[in-house]
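Open the model in your viewer and keep the selection panel at hand.

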Amino acid sequence: MFNAIGEVRTALSAERYIPSDEIATTVFLAEKLGKPILAEGPAGVGKTELAKVWAAATNRELIRLQCYEGLDETKALYEWEYAKQLLYTQLLRDKLNDLLAGVTTLAEAADRLASEEDVFFSSRFMLPRPLLKAVTSERPVTLLIDEIDRADAEFEAFLLEVLSDFQVSVPELGTIRARHQPMVVLTSNNTRELSEALKRRCLYLHIDYPSADQELQIVNLKVPGLPPKLAQQAVEMVQRLRGMDLKKHPSVSETIDWARALLELNARHLDRAVVENTLNVLLKFEGDLQRARRAMIRDESDRSRRERDESGRPRRERDDEGGRYRGN
Amino acid sequence: MDQRVVDFISALRARGVRISLAESIDAMRCVEVAGIADKSFFRSALRASLVKEPRDLPTFDEMFPRYFGVEMPPPLQQPGGGMSPEDREKLAQMLEQMLASMTPEQLRRLFEAMMTGQGMSNSQMRQFLNEHTSAMQMTTGFQPWATRRAMRELQFDRLEQLLQELLDRLREAGVSEEALQQMAEAARENREALAQQIGQEVGNGLLQHDAEERRRRPAEDLQDRAFDELAHQDVDDMRTVINRLAAQLRTRIALRQKRASKGILDAKSTIRANLRYAGVPLDVRHRRKHLKPRITVICDVSGSMRAVTGFMLMLVYALQDQISRTRPFVYYRTIADVQADFQQLRPEEAIRVVPERVKGGPWQTSLGACLATFTRDHLDAIDRRTTVIFLGDGDDHLSPPNPRDFELIKRRSHRVVWFNPEPPYRWGREDNHMHIYGPLCDAVHHVSNLRQLVAAVDGLFG
């Protein structure tokens with residue numbers, strides 16, 4: 001698909017996603033080697049988004065499997081459609097009578113029925129779930145296995161067969177091999193340790209919060225109407241919040257939401273009232289909100305003191321903004 | 001290049017990064033595909049295929065420049081390249097004479113490398129240092145210091161002297177001053193490169209020792225270390241161990257609950273669910289059992305018990321999603337309800353402040369009185385579905401044993417469990433009243449280390 005890493009970058013950028021070197025290289029390698037990508041990192045840094053834009057950029061269908069505790073094969077792979085089987089048996093009752101006509105013993109009847117068993121356990125009555133869909137698809141697909149860390153360890157073990165050979169075994173039908181090898185993205189929020197075996201089969205991609213420059217690029221791309229000065233201030237604010245000791249740090253998606261909110265509110269610059277009113281878009285815990293507000297007030301009083309100082313004394317070097325919060 | 005990547009992988013392994021054979025093969029394929037022209041792509045390719053844990057990323061970032069960075073010593077050059085053929089002939093002759101009579105052996109090899117420009121590969125250098133210096137046997141110490149020591153043992157500073165000697169001889173033989181200067185300069189550059197290489201190898205040796213040392217005592221061993229033997233830095237490690245154990249415990253509990261969720265048949269729900277199958281009961285519904293326990297935990301926060309209490313509370317709060325309600329209490333001379341602290345603060349912070357909620361000092365534990373206060377003020381924390389956990393050594397320095405109030409608690413609760421970090425032979429000696437409370441409990445667990453604590457907590461989710 002891609003011949004150089006630069007092409008990956010262009011293709012993803014065309015889908016309005018700004019990949020770091022790391023991401024572009026990993027996607028390129030995954031594409032070349034046909035290995036799954038395991039993307040780990042804090043919530044909301046664009047792990048799921050990566051799968052979506054990758055699918056869009058390569059013009060593949062995206063099949064998504066959301067993991068949760070208790071997810072098992074019947075939900076992930078396939079399920080027999082009992083209702084349909086039952087309906088068919090009811091409708092085909094006359095045919096079954098014909099089939100069993102002239103049978104004298106029960107054993108003979110069972111044998112005859114057994115010879116027709118294949119009809120009922122065929123792909124006609126199978127309900128494909130995301131994994132089987134990805135394997136049997138006519139067209140190449142991108143398979144997104146979201147939040148794998150939420151699924152149980154058993155399910156992870158079951159995934160190994162799918163991920164290494166891209167084939168699944170259904171006892172009644174045999175082994176089904178993938179026509180096109182799907183491109184797989186697994187995401188994890190790192191709430192639990194994944195097994196070594198799974199990690200070994202994947203290329204590992206750790207996506208962290210972006211740097212200020214990258215985040216500014218992202219905001220400019222996603223919220224085009226925002227005045228550049230305001231975007232700059234907003235990103236600085238978010239970066240500073242990430243330096244603080246909070247229960248949950250604002251993610252990139254929250255930065256974008258916030259930028260949209262600022263745009264909707266027609267804010268011209270970031271003053272205290274605006275921030276007070278919109279901070280709940282960024283921070284989702286009461287404790288975090290209070291902490292951020294306190295830091296902001298302290299920050300402001302510092303600044304006014306500094307301005308007072310500046311008017312009297314020669315200007316001092318500004319101390320490191322981020323470093324001040326690290327201690328609390 | 002392949003050799004360099006292999007070296008890099010073994011260095012990462014020595015630092016404790018787990019890399020399987022399959023992964024190193026992947027790394028080679030990745031490098032092949034990504035190419036080595038662009039360093040940042042090359043780096044990302046290695047990183048994606050080799051490092052699978054966020055905690056190993058700093059190690060990778062630290063080691064990468066050592067192997068593929070600017071720190072590579074410059075290649076040696078051949079001194080005397082600009083000389084005329086007969087001068088070079090003389091140089092070779094003189095050099096041979098000098099080398100033939102030179103002692104000790106290691107100095108001879110270094111001088112030869114310096115003057116001929118034929119250096120040693122890293123593994124050769126490592127072997128060379130192993131044979132001739134004690135720097136590679138050192139298990140601790142700073143790299144500059146160890147390097148200086150290795151240099152001294154090799155008599156590295158004599159190289160300059162030898163060079164001068166050679167220059168003098170060549171000068172006598174009539175080689176032009178200009179050619180000599182050029183040669184000396186090249187030789188000195190070679191010497192610097194050798195010094196750099198030695199420094200690097202000594203540093204790698206130290207790192208390797210360090211990694212082996214670390215492997216010998218893995219973090220998991222902390223599970224078996226007694227609580228009172230834990231040093232301060234261990235407590236930080238313990239926190240990570242606790243988080244991991246809590247995750248394990250959670251999966252185990254969740255699985256058990258999933259399997260146990262098949263309670264008795266729910267006839268109504270089954271009929272309703274199977275209407276669409278013409279009443280054939282294909283989809284059998286069961287009534288779910290509610291297995292999530294309610295926990296009231298009453299912890300001793302006297303000096304000796306503080307560490308265990310901290311771990312216990314941390315574990316209980318890490319498992320909040322498996323517990324339907326938690327009521328924490330702490331006691332010393334008095335008893336206090338500390339639920340508010342845990343609601344306002346994060347567990348680690350709350351654990352730090354809760355000991356201040358109660359009065360007491362050394363030898364002032366007053367369990368009997370605290371039980372009386374509890375039954376008077378806090379019995380609402382216990383109902384028939386509550387499991388009450390006492391975490392304490394059972395010491396009581398101020399009041400007589402109070403089995404009456406303990407019985408009251410037991411009657412109202414579902415179960416009473418006691419976790420005691422003291423060894424059983426001390427139970428009932430001196431001020432210890434464990435022999436009175438113990439038999440009244442539904443279960444008593446001796447928890448002297450993390451493994452036992454986790455096993456005991458696991459037992460709560462039967």
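Select B:Arg327: at 11% relative accessibility it counts as buried. Here buried means under 20% relative accessible area, exposed means over 50%, and partly exposed lies in between (1.4 Å probe, protein chains only). A salt bridge is a side-chain nitrogen of Lys or Arg within 4 Å of a carboxyl oxygen of Asp or Glu. Helices (H or I, at least four residues) and strands (E, at least two) are DSSP runs, numbered from the N terminus.

A note on the source: this is a predicted model, where local features need pLDDT of at least 70, side-chain atom pairs count only at pLDDT 80 or more, and totals for chains, interfaces and linings use all residues. Residues are numbered from 1 along each chain as its sequence is written, chains are lettered from A and ligands numbered from 1 in the order in which they are written, and side-chain values use heavy atoms, with hydrogens and water left out.

Next, select B:Asp26 and B:Arg29. Both lie in helix H2 (residues 21-34) of chain B, three residues apart, about one turn of the helix. B:Asp26 is buried at 7% relative accessible area, while B:Arg29 is partly exposed at 36%.

Go to B:Glu53 and A:Lys199. Their salt bridge has its closest N and O atoms 3.0 Å apart. B:Glu53 lies in the loop between helix H3 (39-50) and helix H4 (57-68) of chain B and A:Lys199 in helix H11 of chain A, so the pair joins two chains. Both residues are buried.

How many salt bridges lie between chain A and chain B? The count is four. One of them pairs A:Glu22 with B:Arg47, the closest N and O atoms being 3.2 Å apart.

Last stop: strand S5 (residues 141-146) of chain A. Six of its six residues are buried. Both faces are covered, with A:Val141, A:Leu143 and A:Ile145 on one side and A:Thr142, A:Leu144 and A:Asp146 on the other. In a regular strand the side chains alternate between the two faces of the sheet.

Now show the strands that pair with S5(A); pairing needs at least two DSSP bridges. Strand S2 (residues 61-66) of chain A pairs with S5(A) in the parallel sense over six bridges. There, A:Ile63 has A:Leu143 as its bridge partner. Strand S8 (residues 183-188) of chain A also runs parallel to S5(A), joined by four bridges. Pick A:Thr142 and find its bridge partner in S8(A), A:Met183.
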